[in-house]
Amino acid sequence: WALTRREEEILAQVAAGLSNRDIGKALYISENTVKTHVRAILDKLHATSRTEAVSLAARAGLVRW
C-alpha cells in the first residue's frame, strides 16, 4: 500500500487508540483533516473500519500494537 507519510502518522495514532480530535491536536491539524486522511487510509487499505485498517496494517508491518 502506498500511504503518505502523514497517513502513516495518523494510522499510528489510530492504532494507539486516539480519537480524531486527539490526533488533530497532536499533529496540529483540524479534526476534519484527520477525517479526510482516515477515509483515504480506509480506501487504500480496502478496510471498512478503523479497527480493520489497524489490523491489516499491523499484519503488513506498517504499525505495531
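Student: Which residues of helix 1 are buried?

Tutor: In helix 1, the buried residues are Glu7, Ile10, Leu11 and Val14. Buried means under 20% relative accessible area, exposed over 50%, and partly exposed in between, with a 1.4 Å probe and protein chains only. This is a predicted model, in which local features need pLDDT of at least 70 and side-chain atom pairs count only at pLDDT 80 or more, while totals for chains, interfaces and linings use all residues. Residues are numbered from 1 along each chain as its sequence is written, and side-chain values use heavy atoms, with hydrogens and water left out.

Student: Why would spaced residues point the same way?

Tutor: An α-helix has 3.6 residues a turn, so residues three or four places apart point the same way.

Student: What do the buried residues of helix 1 pack against?

Tutor: They pack against helix 2, helix 3 and helix 4. Helices here are DSSP runs (H or I, at least four residues), numbered from the N terminus.

Student: Take Glu7. Buried or exposed?

Tutor: Glu7 is buried, with a relative accessible area of 5%. Leaving aside neighbours within four places in sequence, Glu7 is in contact (heavy atoms within 4.5 Å) with Ala2, His37, Ala40, Ile41 and Lys44.

Student: And what does Glu9 count as?

Tutor: Glu9, also placed in helix 1, counts as partly exposed because its relative accessibility is 33%. Between the C-alpha atoms of Glu9 and Ile23 there are 9.4 Å in space, and the two residues are 14 apart in sequence.

Student: Which residues of helix 1 meet helix 2?

Tutor: Arg6, Glu9, Ile10, Gln13 and Val14 do, and in helix 2 they meet Ile23, Ala26 and Leu27.

Student: At what angle do the axes of helix 1 and helix 2 cross?

Tutor: The axes of helix 1 and helix 2 (residues 20-27) cross at roughly 130° and come within 10 Å. That makes helix 1 oblique to helix 2. Angles under 35 degrees count as roughly parallel, over 145 as roughly antiparallel, 65 to 115 as roughly perpendicular and the rest as oblique. The crossing of helix 1 past helix 2 is right-handed.

Student: What comes after helix 1?

Tutor: Gly17 follows helix 1, and its phi is positive, near 90°.

Student: Now helix 4. Which residues are buried there?

Tutor: Helix 4 runs over residues 50-59, and Ala53, Val54, Leu56 and Ala57 are buried in it. They cover an arc of only 165° around the axis, which puts them on the same side of helix 4. On the other side of helix 4, Thr51 and Arg59 are exposed.

Student: What covers the buried residues of helix 4?

Tutor: The cover includes helix 1 (5-15) and helix 3 (31-45).

Student: Which residues is Ala53 in contact with?

Tutor: Apart from neighbours within four places in sequence, Ala53 is in contact with Leu11, Ile41, Leu42, Leu45 and Ala47. Ala53 counts as buried because its relative accessibility is 3%. From Ser30, 23 residues apart along the chain, Ala53 is separated by 21 Å between C-alpha atoms.

Student: And which residue follows helix 4?

Tutor: Gly61 follows helix 4, with a positive phi near 80°.

Technical notes. Helix = DSSP H or I, 4+ residues; strand = E, 2+ residues; numbered from the N terminus. Arc of directions from axis to C-beta. Axes fitted to C-alpha atoms, helices over the stretch in contact; angles between N-to-C directions. Left-handed = near helix turned anticlockwise from the far one by under 90°.
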